[in-house]
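Please examine the sequence and the three-dimensional structure shown below. The report that follows describes selected strands and a helix.

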Amino acid sequence: MTKKIETALVHDGRNPTRSYGFVNPKLVRGSTVLYPDMATKLETGRHILEPVDIYGLCGNETHFALESMIARIEGGTHCQVVGSGLAAITVPLLAYLNAGDHILVPDSVYGPTRTFCERVLRRYGVSTSYYDPMVDEAAARAMFQPNTRVLFTESPGSHTFEVQDIPMLARVAHAAGAKVFLDNTWGLHHFQPFTHGVDVSIQALTKYAGGHSDIILGAVSVNTDEDWHWLRLGALELGSYASPDDCWLALRGLRTLHVRLKAQEAAGLRVAHWFAARPEVARVLHPALPGCPGHAFFKRDFSGACGLFGVVFQPAYSAEAVVAMIDGLKLFGIGASWGGYESLVLPTTGTIKRTEGTGNFEGKMARFQIGLENVDDLIEDLEQGLAALRAA
Ligand SMILES: Cc1ncc(COP(=O)(O)O)c(C=O)c1O
């Protein structure tokens, strides 16, 4: 039976016969694995590409349970969990890139990914070019150099929410002999990376998988043995590791992911539409709304949304006015990250870096993460926030 996503989230990644009959899998911590004899040790060590207990760094059943669930959600064959969402970006980049290679990165990329390219990859002899996330096919073809090894994508983009044409970009990248990486944290199971041509898919499990703002964790998924070889060995050679406690919490978070995400999607859409009808707002950068760049690709490729989106205010409102609005909100926390159960807000203007002239909208911007509070309460809070915006 091919389980649908709700069923897989409940039934996969657990085996009560291995957990003393308890519903949830055991939490296993450990470094040393003891072997009965040397022959067993040598034989076990040959299975480094499989979910086998070899040494703590190679993972244990807590890691393997989570990895099998993430691979299922992403539609991949293999997954490697790592210590953070950022490590889920940097570990595969280091695993695949060689000195002299070139990488293409969208101008809308998550800030620390850009910093990693500028500060680390540069020192190791890898050059980076940034491209317009909404690039068309002809211009995309022209971006590739003979040494371009990776086309990095992030869809929708951080803070500015451009939805990328991943199938077209993957076609062009593969014709040029490059691998396609995708930061799929926003898409979760709503975007199936491997059916759209992606080779390496990245998830910050810190966000919706964890869902409770209490873990830092990442995962990288692939769908060929060749990619698994690069990824798995690269992660181990770099000494990458994920805390079993955080993996266990992510497993628990995943059991309720579907209902949380459905509720946050619906609440996010309600607040996004409410913003879109307000005179203070120029446009809403929510992939499901027509004002968002790449909205047509969202409709074509995604089966749903999460609760994170941007708002562009009318040009009359200053950055200080947006800060006054944010400071005036009572139910929205001011803080990084997203995907937890609580609502959050951050100013976008003045906090993000774009170098290719993209991401310039008509007014100052803020990013909203809609949590599990009552939506009427959130809208009431935003009403008085907009009053502070107007007054500033
Ligand atoms: C799109 C995206 N990718 C990756 C990350 C990094 O995740 P972590 O905070 O777990 O390192 C973030 C964090 O905000 C993010 O927004």
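Buried means under 20% relative accessible area, with exposed over 50% and partly exposed in between, for a 1.4 Å probe and protein chains only. Helices (H or I, at least four residues) and strands (E, at least two) are DSSP runs, numbered from the N terminus.

This is a predicted model, in which local features need pLDDT of at least 70 and side-chain atom pairs count only at pLDDT 80 or more, while totals for chains, interfaces and linings use all residues. Residues are numbered from 1 along each chain as its sequence is written, and side-chain values use heavy atoms, leaving out hydrogens and water.

## Neighbouring strands

Strands β2 and β3 run parallel and are joined by 5 bridges; two strands pair if DSSP finds at least two bridges between them. P106 has Y131 of β3 as its bridge partner. Between β2 and β3 the chain passes through helix α5 (residues 111–121), and this β-α-β crossover is right-handed: with the strands pointing away from the viewer, the path from the first strand over the helix to the second runs clockwise.

Strand β2 also runs parallel to β4, with 3 bridges joining them. In β4, L151 stands opposite L104.

## Helix α7

Helix α7 covers residues 166–175, and its buried residues are I166, M168, L169, A170, V172 and A173. These buried residues pack against β3 (127–131), α6 (137–143), β4 (148–154) and β5 (179–183), where contact means heavy atoms within 4.5 Å. After α7 comes G177, whose phi is positive, near 80°.
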